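Student: Could you walk me through this protein, step by step?
Tutor: Gladly; have a look at it first.

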Amino acid sequence: MKVSVIGSGAWGTALSKVLQDKGHDVTMWGRDATHLERMRTQGLNDRYLAAAPLGPLWRLTPKLDQAVQGAQALVMAVPSHAFREVCQAIGSFSGWVISATKGVEHGSELTMTGILSETISGARPVALSGPTLAEEVLKGMPTAMVAAADQSHDASAVQEMFHLPHFRVYTSRDRLGVEYGGALKNVIALAAGVCAGLGLGYNSNAALVTRGMAEMRRIGIYLGGHVDTFSGLSGLGDLMVTCFSSLSRNRSFGERLGAGADLEALLRESVSVVEGYHAVRSVAAIIDKGKLEAPIHQEVYAMLYQGKPARQAMGDLLSREARKEDD
């Protein structure tokens with residue numbers, strides 16, 4: 001099958017390698033022609049991934065129309081804040097368009113497949129999400145994901161497209177739940193990183209992540225997700241790897257913030273997009289609209305957008321009144 005991966009960052013590169021291992025004819029698109037040429041000549045994507053060899057190279061192109069033409073499926077792996085722009089540039093495509101981006105658009109509060117449905121006529125949107133660190137996927141380390149679509153046959157087609165012994169893919173019809181789980185866990189990972197940066201210990205980190213899961217479930221159900229989805233790969237699974245791995249961009253960003261680094265400097269220095277930073281702005285609006293109980297998300301928003309000191313934010317979480325666990 002001819003598959004084009006739209007995005008040449010760490011995740012787009014790792015998924016391209018999986019598709020190539022599966023035997024597909026792969027083309028990768030990226031905006032930066034110089035970066036693509038460097039990848040082509042060196043066999044590495046060392047801008048985003050530590051010197052991990054890519055193996056035999058697939059086709060690389062900076063021309064979006066060239067990447068889309070003749071493809072039977074598109075895999076969208078561009079940052080959430082650029083997602084609509086790239087989709088609008090594609091315009092129309094008859095076939096599966098698979099979102100591998102975890103985010104919620106600010107203003108519309110749409111998931112990425114929601115944007116796909118609005119912007120690419122003829123698209124059959126599928127969400128692909130789960131506990132995946134690009135570095136480990138690129139090295140062929142065992143990984144599991146979930147492909148979610150409104151129609152079971154679309155999810156099954158994407159499952160077959162990617163499934164390998166070291167890259168297991170499950171299916172779901174809860175597209176919204178899968179996407180919201182992937183977006184919300186990035187916010188909790190930022191908080192977990194802050195907790196670590198402040199030196200608050202493992203007990204507090206475990207408590208924060210557990211209560212964060214309760215918030216994810218509460219928000220996700222309000223937005224139309226199914227409760228069980230948040231205990232699966234795209235919810236609990238993704239939450240664990242993102243909150244506890246040193247390879248997680250969101251956790252690492254939060255840890256440096258908690259240790260006292262300047263927020264604006266961190267944002268300038270980040271080579272890869274920290275999706276939790278963008279997601280929490282959208283989620284804060286959703287929380288306000290739904291009058292939802294989500295104090296961790298609210299404190300992360302206060303730290304990132306209202307200048308609240310990290311230690312004060314964590315202190316305010318800890319000083320909340322006692323309550324039942326299932327509240």
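Tutor: What follows is a chat about the domains, their interface and a few side-chain pairs.

Tutor: This is a predicted model, in which local features need pLDDT of at least 70 and side-chain atom pairs count only at pLDDT 80 or more, while totals for chains, interfaces and linings use all residues. Residues are numbered from 1 along each chain as its sequence is written, and side-chain values use heavy atoms, with hydrogens and water left out.

Student: Okay, which domains does the assignment give?
Tutor: The protein chain is assigned domain 1 (2–173) and domain 2 (176–319), with bounds that come from an automatic or database domain assignment. Their C-alpha centres lie 24 Å apart.

Student: And how many residues are in contact between them?
Tutor: Counting contact as heavy atoms within 4.5 Å, 30 residues of domain 1 are in contact with 25 residues of domain 2.

Student: What area is buried there?
Tutor: About 2200 Å² is buried between domain 1 and domain 2, and carbon and sulfur atoms give 67% of that; buried area is the accessible area (1.4 Å probe) that two parts lose on being put together, summed over both. On the side of domain 1, Lys 102, Val 104 and Leu 133 lose the most area to domain 2, together 24% of what that side buries.

Student: How many salt bridges cross the interface?
Tutor: The rule, a side-chain nitrogen of Lys or Arg within 4 Å of a carboxyl oxygen of Asp or Glu, finds 1 salt bridge across the interface of domain 1 and domain 2.

Student: New topic: how many salt bridges are in the whole structure?
Tutor: A search of the whole structure finds 21 salt bridges. One of them joins Arg 59 and Asp 25, whose closest N and O atoms are 2.5 Å apart.

Student: Why does that pair tie together separate parts?
Tutor: Arg 59 lies in strand β3 (residues 59–61) and Asp 25 in strand β2 (residues 25–29), so the pair ties together parts that are 34 residues apart in sequence; strands here are DSSP runs (E, at least two residues), and helices are runs of H or I with at least four.

Student: And how many aromatic pairs are there?
Tutor: The count comes to 3 aromatic pairs, where rings of Phe, Tyr and Trp (its six-membered ring) pair if their centres lie within 6.5 Å, and planes under 30 degrees apart count as stacked, over 60 as edge-to-face and the rest as tilted. Among them, Tyr 277 and Tyr 305 are stacked, at 4.9 Å centre to centre with 25 degrees between the planes.
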